[in-house]
Structures are given as C-alpha cells and as structure tokens.
Amino acid sequence: MTFTIPIDNGDALKNAETDSQRTLYPYVTGTSIVAIKYKDGVLMASDMGGSYGSTLRYKNIERVKAIGKHSLLGASGEISDFQEILRYLDELVLNDNMWDDGNSLGPKEVHNYLTRVMYNRRNKFNPLWNTLVLGGVKNGQSYLGMVSMIGVSFEDNHVATGFGNHLARPILRDEWHADLSFEDGVKLLEKCMRVLLYRDRSAINKLQIAKITEEGVTVSQPYSLKTFWEFQAFHNPTAGAQGSW
Amino acid sequence: MDLNLDAPHSMGTTIIGVTYNGGVVLGADSRTSTGMYVANRASDKITQLTDNVYVCRSGSAADSQVVSDYVRYFLHQHTIQLGQPATVKVSANLIRMLAYNNKNMLQTGLIVGGWDKYEGGKIYGIPLGGTVVEQPFAIGGSGSSYLYGFFDQAWKENMTKEEAEQLVVKAVSLAIARDGASGGVVRTVIINSEGVTRNFYPGDKLQLWHEELEPQNSLLDILNAAGPEPMAI
C-alpha cells in the first residue's frame with residue numbers, strides 16, 4: 001500500500017484534530033488477543049509484549065484495559081493508535097458521566113462507537129492500525145465483539161485477533177461451550193496462549209487474563225506459562241536422517 | 001566511495017535513560033552523521049526541556065531538534081501558568097502529542113527523563129509512531145540493538161547514583177564499540193531532587209573492549225620502549 005498524495009491541512013501542531021495522516025505501517029505492535037464468553041461474563045487474555053519489527057522491544061505493555069464500568073477493551077496492532085483510542089474512550093466515558101443520569105455506557109454502545117471510528121478512518125485511508133476486542137457485561141447480559149482496522153465488526157461467543165485467528169479459533173471452536181466455569185475458561189484461554197507462545201514469533205511468555213462480570217473488571221497480575229519440551233522426537237530429531245531438521 | 005554528503009543529518013546514536021534510587025541518569029554518544037561522514041563528533045544529544053526534565057534525542061537530527069524546541073516552548077508556558085515546575089509525565093505527553101500527530105513525517109525516537117516532586121525520577125520511552133512507555137530504564141537509537149542482552153543481564157532495581165551512571169557509561173561505550181553510527185564521547189546527565197549534573201567521558205578515557213588496543217602517541221614510542229624486536233614478524 002503506498003499513499004503518497006500530500007495534503008496541506010494547515011499547521012499540524014495546532015490543528016491536531018484536523019491533521020490528515022496516512023498511516024502506512026505500524027511501528028510498535030501487540031500480537032494476539034483471545035477472548036471468550038463464560039458463565040459469569042467474559043474472559044480476555046493477552047501477552048504483554050510490544051514488538052518493534054522483529055525485536056521484542058517492550059515486555060510490560062498492558063493491552064487490555066477497562067472502559068467505564070461495564071467493558072473491557074483488548075487491542076492488537078499499533079500501540080500508539082491503541083493509546084489514542086483510549087483517549088477517545090476516556091472522553092466518551094467522561095461525557096457519559098457528566099450527564100449524571102444514572103445510565104452508563106454498556107459494551108454494545110462502546111463497540112458501536114469503536115466500529116464507527118474504525119470504519120470512518122478506513123474510509124479516509126488513514127486507519128487506526130488495530131484489531132480491537134470489546135467484551136463486557138451489563139444487566140446480566142454478556143457481550144463479546146471485535147472490530148478490525150478496516151471496520152469489519154461482529155459479535156461472537158469467542159474471538160481472537162492476529163495469529164490467534166489461525167491458532168486459537170480452531171481450539172475454541174472445538175472446546176468452547178456455553179456456561180463455562182471460571183476455571184475451565186481460564187484453562188481454555190491458557191491452552192490457546194500456550195500454542196501461541198510456541199508458534200507465534202512475536203509472542204512473549206508474560207501474560208495477563210482479564211475478567212469482566214456484573215460486579216466489575218479484574219485484570220490479573222502478569223504471569224508466565226510453563227512449556228513442554230519433553231517429546232522423544234524433540235530430543236533427537238535428526239537421529240534417523242542426519243542433516244535434516 | 002560515495003560519502004553521500006547530501007544525506008540528511010541523522011544521529012545514528014545510542015541513547016539510554018535509567019532510573020535509580022532517587023532520580024534518573026541519561027546517557028548518549030556524540031556522533032552525528034551525514035551518510036558516511038561524521039558531521040559532528042561531539043554533539044550533545046541530551047537536551048534540556050525544563051530545569052528538571054531532559055530528553056535524549058535519536059534518529060533525524062532536524063526532527064528531534066524541532067520537536068524538543070516546540071516542547072520546551074510549550075513547557076515554558078505551562079510552567080508559568082501552573083506556577084510550579086512541570087512534571088516529567090506532562091513533558092513526555094507533550095512530546096507524544098507531536099510524535100503521534102506527525103507520525104508520517106517525523107523520524108525520531110526520544111527518551112524523556114527527569115525528576116519531579118510527585119513521582120520522583122521517571123523515564124519515558126517514545127519510539128517511532130508516538131507510543132509512550134514508562135520504563136525503569138530505556139534504550140534507543142541504532143546502537144541500542146547491541147545493548148538489549150547487556151541490560152537484560154546487568155540491570156537491577158534500586159541502584160545507587162554511582163552504580164547507575166557507571167552502568168550507563170559502560171553501556172554507551174559498548175554500543176560505540178560495535179555500532180558504526182555511534183561514537184565520540186559519552187555524555188551523561190544526572191537529575192534528582194538536588195538538581196542536575198552534566199558529565200563528560202571522552203572516547204579515549206573509556207574502558208577497552210574486545211580487540212581494542214591501548215591508544216599510543218606513535219609507533220615510535222612502542223619501538224623505543226625497549227622489549228625484544230617489536231618489528232619482528
């Protein structure tokens with residue numbers, strides 16, 4: 001993709017909102033997010049890595065954040081764009097609170113807002129380079145949806161971004177069922193995250209699992225998963241064919 | 001050999017910011033290159049924003065200078081309006097505003113470090129794209145590639161001021177040894193509640209690394225220094 005049409009939109013510094021950018025490529029990126037609905041709400045898992053090309057540069061980035069009282073937002077893709085989205089949502093939540101009318105934005109509303117933002121940016125050829133996962137619970141109803149950088153938006157019982165699309169979704173299709181307990185949900189997510197750790201070059205072994213229920217949001221402390229290397233075939237893979245891999 | 005003297009001035013660079021128990025230490029090399037030519041061998045890449053906040057600049061010399069100039073100006077006004085010194089966080093976020101909103105045009109990675117009375121010593125990394133990341137230590141510039149492993153092993157929490165500065169000087173020196181785009185002297189800036197200290201470590205005063213030899217005035221000194229047959233093959 002090359003967008004080389006220059007546009008003079010006045011002083012980029014003073015007109016930050018009207019500045020027209022064309023994002024050509026991401027710099028600091030987060031990898032997969034995996035999320036599922038379970039009995040009490042939604043569980044969302046992500047690692048804490050921020051890659052800079054092929055370098056695993058940042059290892060303490062939180063890619064899942066609470067939004068208002070009822071939602072959880074996870075993001076993969078360009079971290080600076082995610083930080084900007086959090087600023088937009090801060091403003092949204094602030095205005096919602098200022099109404100002081102007893103109502104508060106639910107996950108459905110936040111998802112809709114994000115979809116509009118992402119799709120409109122795409123139409124201006126200036127996308128926010130993220131795939132977002134929005135989960136939440138309001139009035140007993142669980143909600144889980146996704147928006148991509150081109151504005152494709154949908155809801156489902158389980159979602160995954162990036163590499164997770166290829167590696168996690170087949171596992172989730174097979175093993176997800178309605179009314180998972182918290183323990184089973186966490187185990188299922190960890191199964192997915194472990195596979196991603198083995199097979200995604202940009203994954204790091206430091207993850208957080210976030211939970212949202214009617215009561216609110218909790219984000220776990222960062223932790224690491226054990227990995228398994230004791231297959232016989234791993235010990236001596238080239239025994240039968242010297243020079244192979 | 002094409003020196004490409006029309007290439008934009010770029011600071012290949014190694015820049016580092018490290019927190020310690022009481023403040024921060026910022027460090028950088030001093031090489032500015034235009035293509036293959038070293039345009040300035042003694043640049044100062046650690047630039048003051050306020051009395052208590054400095055920034056390490058890498059990437060395009062022009063971009064990093066103009067960004068820090070704007071932010072210095074904004075912070076000056078902010079300090080007057082606020083009535084007290086600006087915080088490191090505000091400084092970092094102003095840089096982020098410029099870096100993010102002009103991401104298509106700017107090519108500069110920055111490390112903001114300083115001390116304020118609310119949070120103490122803080123370091124913020126602002127790479128290409130305009131992400132802000134608060135870190136206990138940050139490395140940047142082309143020379144930083146050679147330092148990831150070094151810091152993974154050598155970094156510890158709660159170092160003293162002396163330990164932190166020694167770590168920074170050692171690291172910049174190691175990067176200079178391997179990165180062609182880094183060189184010259186090592187400059188450090190230490191910022192804490194007491195104020196700011198600038199230090200200067202010339203290239204020939206740094207520790208020698210692998211396959212580096214002790215600098216001499218002349219071969220003649222070696223020849224004359226006795227010892228058996230130095231010219232013998």
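**View 1. B:Val18 and its partner across the sheet.** The bridge partner of B:Val18 in S11(B) is B:Phe137, and B:Ile16 stands opposite B:Ile139 in that strand. This is a predicted model, in which local features need pLDDT of at least 70, side-chain atom pairs count only at pLDDT 80 or more, and totals for chains, interfaces and linings use all residues; side-chain values use heavy atoms, with hydrogens and water left out. Residues are numbered from 1 along each chain as its sequence is written, while chains are lettered from A and ligands numbered from 1 in the order in which they are written. S2(B) and S11(B) run antiparallel and are joined by four bridges. Strands here are DSSP runs (E, at least two residues), as are helices (H or I, at least four), numbered from the N terminus.

**View 2. The two faces of S11(B).** Side chains in a regular strand alternate between the two faces of the sheet. On one side of S11(B) sit B:Phe137 and B:Ile139, on the other B:Ala138 and B:Gly140, and all are buried. Buried means under 20% relative accessible area, exposed over 50%, and partly exposed in between (1.4 Å probe, protein chains only).

View 3. Five strands of chain B, in the order S11-S2-S3-S12-S13, form an open sheet with antiparallel pairing; two strands pair if DSSP finds at least two bridges between them. Strand S11 (137–140) and strand S13 (195–201) of chain B are the edge strands, each pairing on one side only. On average, neighbouring strands of this sheet are turned by 15° against each other, direction ignored. Helix H4 (residues 161–178) of chain B lies across S2, strand S3 (23–28), strand S12 (186–192) and S13 of chain B, and runs at about 155° to S12(B). Axes are lines fitted to C-alpha atoms, for helices over the stretch in contact, and angles run from 0 to 180 degrees between N-to-C directions.

**View 4. B:Thr13, a position listed by UniProt.** An unreviewed UniProt entry lists B:Thr13 for "active site"; UniProt positions are given in the numbering used here, feature names are shortened, and annotations may be inferred rather than shown by experiment. Look for B:Thr13 in the loop between strand S1 (9–11) and strand S2 (15–20) of chain B. Is B:Thr13 buried or exposed? B:Thr13 counts as buried because its relative accessibility is 0%. Leaving aside neighbours within four places in sequence, its contacts (heavy atoms within 4.5 Å) include B:Asp29, B:Arg57, B:Gly140 and B:Ser182. The side chains of B:Thr13 and B:Lys45 make a polar contact (3.3 Å). A polar contact is a pair of N or O atoms within 3.5 Å; within protein, one must be able to donate a hydrogen and the other to accept it, and residues adjacent in sequence count only if both atoms are side-chain atoms.

**View 5. B:Arg31 in its loop.** B:Arg31 is in the loop between S3 and strand S4 (32–34) of chain B. With 23% relative accessibility, B:Arg31 counts as partly exposed.

**View 6. Chain A and its confidence.** In chain A, six bridges join strand S2 (residues 33–38) to strand S3 (residues 41–47), which run antiparallel. There, A:Ile36 stands opposite A:Leu43 in S3(A). Chain A has a mean pLDDT of 91; pLDDT is the predictor's confidence in each residue, from 0 to 100. For residues 9–19 of chain A, though, pLDDT stays under 50. Where pLDDT is low, the predicted coordinates should not be read in detail.
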